[in-house]
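Please find below a colleague's note on a structure of two chains, prepared for a reader new to such models. The sequence and the structure are shown first.

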Amino acid sequence: MATVTLKPTKVPELMFEGYSITPDAFAGKTAPQIADLPGHEGKFVLKLGDFFEVSGNGGETAADTDIVITGDCTRVKYIGARMTAGTVTVNGNADMYVGGWMKGGKIHIKGNMDSFCGIQMEGGELLCDGDAKNHVGCAYRGDWRGMKGGTIRIKGSAGNDIGTAMLGGTIIIEKNAFIHVSTHAEGGTVIIKGDVEGRVGGQMVKGEMYVLGKIKFMMPGYQKVGTVEKEVDGATYTFDHYIGDLGERHGKSKGQIVYANLYLKAAA
Amino acid sequence: MPKLIKGVGCPYCGSSCDDIEVLVSDDETKILEVHNACIIGTNLFHHANDPTRPRLPRRRQPDGSMKEIPYDEAIDYMAKTMLAAKKPLVYGFGSTNCEGMSAVARIAEKSGAVLDNCATICHGPSFLAIFDNGYPSCTLGEAKNRADVVVFWGCNPMHAHPRHTSRYSIFPRGYFTQKGQMQRTVLCVDPRETDTAKLADHHLMLDQGHDYELFDAFRTVLRGFEIPDVVAGIPKETIKKSVEIMKNAKFCMIFFGMGCTHTDGRNHNIDAAISLTRDLNTHTKASIMAMRGHYNIAGPGQVWAWQFGFPYCIDLSKGTHAHMNPGETSSVDLAMRDEVDCFVNVGADAGAHFPIQPVQHLKKHPFITVDPNFNMASEISDLHIPVRIAGVDEPGVVYRMDNVPIQFRAVIKGLPGVPSDEELFNKVYERMCELTKTEPIWLAAKEDRRYPESEAVI
């Protein structure tokens, strides 16, 4: 394993598009070659070396490459976007599109993330110690095939549009979420350990949602069908089981209509 | 002898009324009377008579005052500023013609700018919902001739589109709706008792910001399932009755406005409305339409979607491809995140319509306004370039709210020396090409517009 360390040296005036900060791009390159990789600031193409001090060479393949950013990346977009293997660790905040379109590997953001993290994700693991803004694990605008696989774990709170049009994979929000969870989803699992304002599972066709806190405004298209015990993220709880969205189309499997499932932790 | 010009288009709201009659003076420089238009449209025409209209660009001086400068100097400043900026933002276009929008795309591409229009603070979320879920829409003519149930959801045409109800939606007698208002059932969904709500047969006064839940309740009822006793503040019985009215319509027309697009959920509200329209089509004919605000705000969507593949929030900074993702490339977000370093405001008033914080962020950098009149944006600008008023002293193509193109005409002669948007942007483009030592590429849809002079550039 080879570790490449990036030390932020300058805060970009506009946002720096760090689409080159992936193990795939760093693999097989020496530190000076990595510093020479491109990135946009507005319409001008700059180099990673203009904003980071690079030390360490990349591994032979993406899987052998670990990237550690030893500082704040609040104004750096696309960290780990489209990566397929290896790891990226950011000891600070990151801007938009962290792990967008990623297929494998692991990203660990120790601060907060901005919007669009893990959009169109297909595999791998994205871990954030802080909060995320909107569109966590969401589909790109106009695409009805959203997140397909992988795991996103946000230890803080998230904003709106979590797992829109999701087809697979798991999103875990350990604190609260705002509105629109799994809207239009046709698969996948979303676990919210805190409270949600509302619109959980609107227009949802298939998939699972677990809410351990409260839902302030329940969707009218959901109906309670029973109480079940389920294991969620290593712990077992009693849940009220709802099916829905009854206003949306649903497919059939073995003669039975398949609804989306919402498990809301039963009041003690 | 004053001249009466008939069949004039009105450059005010998205209804784009094309039955206006304007009486102009003998020498075609003054507007004397305006017939058929609403009070706002009438004033818009009369405004062109204002003797204090700006005739020369004005540049901010070091002491803060504005000084008139020649057009060439203004064009040079605009070209140089946009080329020097890392990421200029070009915003506006609610109130200009499609020719101007097409021309501005050249300079946006040349300067690697973000191209955005008023939809970003208006019906942009509708576009996102249309991307996600399609747009089962029709023309206003169909609404007039067929619709016997009209739903106004989060819009107030009595104030925002004054002649909409009389020309298209409630009062007119159409082919299958010969009894006019008598034959139409009007539903209004609005948290306030607006003048449109007063006019409606049924007013559903929902809790503000709960449109999505109410749409879902409508859809759930339509599929024959039970809903809670109260949804979004509306009793179950009222919802069931409203669904029954919509289901039993011969043609149900849903018009939606800012009440849906700019409350919580935004595009998802429209998404649900489109799904409801689709569901209704299993029972009867139903259609949906966005109540676009300005007379040609559908224009940039049409023109730029043809040129770049996206209707708004188009980031051209890569030079190789367009990128669009509202939330990142939308004007207010770009400004709030300090992601642009030059602002060009065209045919709109960002000074009045944006929240104050983004304007404060934008003011850190060069701020240019292209507008026929003085407005709040022009008064805080570093450079204000006056142009002719599209639809009054400049002809052009506009797209009505139902995306029907209409050729607007000029009723009076333009102010001497003042260019149209298109002429101005073409000059800026030429200047940019001179500065970057490149050959201009002129490709235009119309034969009388400019074509490349040298064959080598085609």
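1. Basis of the note. This is a predicted model, in which local features need pLDDT of at least 70 and side-chain atom pairs count only at pLDDT 80 or more, while totals for chains, interfaces and linings use all residues. Residues are numbered from 1 along each chain as its sequence is written, and chains are lettered from A and ligands numbered from 1 in the order in which they are written.

2. Overall form of chain B. Chain B has 18 helices and 21 strands; helices (H or I, at least four residues) and strands (E, at least two) are DSSP runs, numbered from the N terminus. Its radius of gyration is 23 Å, which agrees with the value near 23 Å for a compact globule of 458 residues. That radius is taken over C-alpha atoms, and the globule rule is 2.2 Å times the number of residues to the power 0.38. The C-alpha atoms of chain B fill a box of roughly 70 × 55 × 50 Å along the principal axes.

3. Of the 458 residues in chain B, 55% are buried. A residue is buried if 20 or more other C-beta atoms lie within 10 Å of its own, exposed if 12 or fewer, and partly exposed in between, with C-beta atoms placed from the backbone. Two residues are in contact if their C-beta atoms, placed from the backbone, lie within 7 Å. Among contacts in chain B between residues at least 6 apart in sequence, 66% join residues at least 24 apart.

4. Domains. The assignment for chain B gives domain 1 (3-47), domain 2 (58-119 + 296-457) and domain 3 (124-290); such bounds come from an automatic or database domain assignment. The C-alpha centres of domain 1 and domain 2 of chain B lie 26 Å apart. Their contact takes 15 residues from domain 1 of chain B and 14 residues from domain 2 of chain B. On the domain 1 side, β1 (3-8) and β2 (20-24) of chain B are the elements that give two or more residues.

5. Helix α4 of chain B. Is this helix mostly covered or mostly uncovered? Helix α4(B), residues 124-133, is mostly covered, as nine of its 10 residues are buried. Among the buried ones are B:Phe127, B:Leu128 and B:Ile130. The cover includes α11 (258-261), α12 (267-280), β14 (285-290) and α13 (298-307) of chain B. After α4(B) comes B:Gly134, with a positive phi near 80 degrees.

6. Strand β6 of chain B. In β6(B), residues 88-92, five of the five residues are buried. B:Pro88, B:Val90 and B:Gly92 point one way, B:Leu89 and B:Tyr91 the other. In a regular strand the side chains alternate between the two faces of the sheet. Two strands pair if DSSP finds at least two bridges between them. β6(B) pairs in the parallel sense with β17(B), residues 342-346, over five bridges, and B:Val344 is the bridge partner of B:Val90. β6(B) also pairs in the parallel sense with β7(B), residues 114-115, over two bridges, where B:Leu89 stands opposite B:Val114.

7. Nonpolar core. A nonpolar core is a set of buried Ala, Val, Leu, Ile, Met, Phe, Trp, Tyr and Cys residues joined through C-beta atoms within 7 Å. The largest has 142 residues, and B:Trp153 and B:Phe255 are among those with the most contacts inside it. Helix α3 (residues 98-110) of chain B gives the most to this core, seven residues. Beyond its neighbours within four places in sequence, B:Trp153 is in contact with residues including B:Val189, B:Ile254 and B:Ala273.

8. A:Gly244 and A:Asp245 are joined by a cis peptide bond, with omega about -20 degrees; A:Asp245 is in the loop between β19 (235-244) and β20 (252-253) of chain A. A:Tyr97 has a positive phi, near 60 degrees, though not a glycine, and counts as buried because 28 C-beta neighbours lie inside 10 Å. B:Thr438, in the segment after α18 (421-435) of chain B, is exposed, with 11 other C-beta atoms within 10 Å.
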